[in-house]
Amino acid sequence: FNAFNISGEYSNTRNLASGTIRQLDNSVVASRNLRAVAMSVSGLMTDTESEVLEFLTNNDFEVVKNYKFANTSEGIKELKELITNYEKSIREGLDYIIDGMVIKADSMKVRNELGETSKFPHWATAYKFKSLDAITTLTNVVWQLGKSGQLTPVGEFEMVSIDNVDITKATLHNYSNIENKDIRINDKILVERANDVIPQIMKSFAEERDGSEIVIEYPKKCPCCDSLTVRNGENIYCVNPECKPVVQ
């Protein structure tokens, strides 16, 4: 990721992979050596998912790492031990990012009996790991103007690395969020990658303040057009309908 992202164009490995797939120049795609990991085969009739993965392996596909457990108290105990071990020990050593594991019924017959909704199968569930986080110092807040005229605060901080991804900024969502969490410039803050992708500032550590902290005020004038701003509930808006980012 670092070798192909010298310009900083891509924010994370998922972003780089999807951007590579959209490249029109095949030579660029080939140079990045993407790995394709197969999870299923559409239309293949089998009794179990294990047989699907076996079919893929026999046809030289790399398949998603998988484990099989008996539907017994001992099997469930082994499943829990695997998940715990993955979250505490194995996860950080992988050469790709994961944010959890999926637990599924192997038998297609059982799946049919359990059924599914239009969005969620009753025969599978996702086990999400705790989001990865780090502590750093907030150095600045910049306000980004969106097409709706809303100004969104983005916190800038001393660089931290979370799961091998270097991060220097994260959204603060809105001004009420800043007030409610009492976040100030020069605060020690906790940064977390939600679902291991989107960085967020979760909290400040008020107990570690030394007097150098600065209360964050929202801009009374738009940073893009210098027009007045107005607060509406949680958010800050530019009142100028002709402001360039709004009309673009």
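K128 counts as partly exposed, at 48% relative accessibility (buried is under 20% relative accessible area, exposed over 50%, partly exposed in between, with a 1.4 Å probe and protein chains only). This is a predicted model, where local features need pLDDT of at least 70, side-chain atom pairs count only at pLDDT 80 or more, and totals for chains, interfaces and linings use all residues. Residues are numbered from 1 along each chain as its sequence is written, and side-chain values use heavy atoms, with hydrogens and water left out.

**Salt bridges**

Back to K128: its side chain meets that of D99 in a salt bridge, 3.1 Å from N to O (the cut-off is a side-chain nitrogen of Lys or Arg within 4 Å of a carboxyl oxygen of Asp or Glu). The pair links distant parts of the chain, with K128 in strand β2 (residues 124–128) and D99 in the loop between α4 and β1 (100–104), 29 residues apart. Helices (H or I, at least four residues) and strands (E, at least two) are DSSP runs, numbered from the N terminus.

The whole structure has nine salt bridges. Here are three of them.

| Pair | N to O distance | Relative accessibility |
|---|---|---|
| E62 and R35 | 2.6 Å | E62 36%, R35 48% |
| D182 and R184 | 3.2 Å | D182 31%, R184 26% |

The bridge between E62 and R35 spans 2.6 Å, N to O. This pair also links distant parts of the chain: E62 is in the loop between α3 and α4, R35 in the loop between α2 and α3, and they are 27 residues apart.

**Around S204**

S204 is part of strand β8 (residues 198–204) and is buried at 11% relative accessibility. What does its side chain reach at 3.1 Å? That would be the backbone oxygen of D182. The backbone oxygen of K181 is 3.4 Å from a polar side-chain atom of S204. Both are polar contacts (N or O atoms within 3.5 Å; within protein, one must be able to donate a hydrogen and the other to accept it, and residues adjacent in sequence count only if both atoms are side-chain atoms). Leaving out residues up to four places away in sequence, S204 touches K181, D182, I183, D187, K188, I189 and R209, where contact means heavy atoms within 4.5 Å.

**Rings and charges**

There are four aromatic pairs in the structure (rings of Phe, Tyr and Trp, its six-membered ring, with centres within 6.5 Å; planes under 30 degrees apart are stacked, over 60 edge-to-face, the rest tilted). One of them is Y67 with Y86, an edge-to-face pair at 6.2 Å centre to centre and 75° between the planes. Y67 sits in the loop between α3 (49–58) and α4 (73–90) and Y86 in helix α4, so this pair ties together parts 19 residues apart in sequence. Y67 is partly exposed at 38%, whereas Y86 is buried at 5%.

Y175 and Y218 are edge-to-face as well, because their ring centres are 5.2 Å apart and their planes are at 80°. With Y175 in helix α6 (residues 175–181) and Y218 in the loop between β9 (214–215) and β10, the pair ties together parts 43 residues apart in sequence. Y175 is buried at 7%, and Y218 is buried at 19%. Ring pairs join W143, Y175 and Y218 into a cluster.

Y218 also has a charge over its ring: the charged end of K220 sits 4.2 Å from the ring centre. The criterion is NZ of Lys or CZ of Arg within 6 Å of the ring centre and within 35 degrees of the ring normal. R111 does likewise over the face of W123, at 4.0 Å from the ring centre.

**Helix α1**

Which residues of helix α1 (residues 13–21) are buried? They are L16, G19 and T20. These cover an arc of only 100° around the axis, so they lie on the same side of α1 (the arc being that of the directions from the helix axis to the C-beta atoms). R14 and I21 are exposed on the other side of α1. The buried residues of α1 pack against α2 (26–31).
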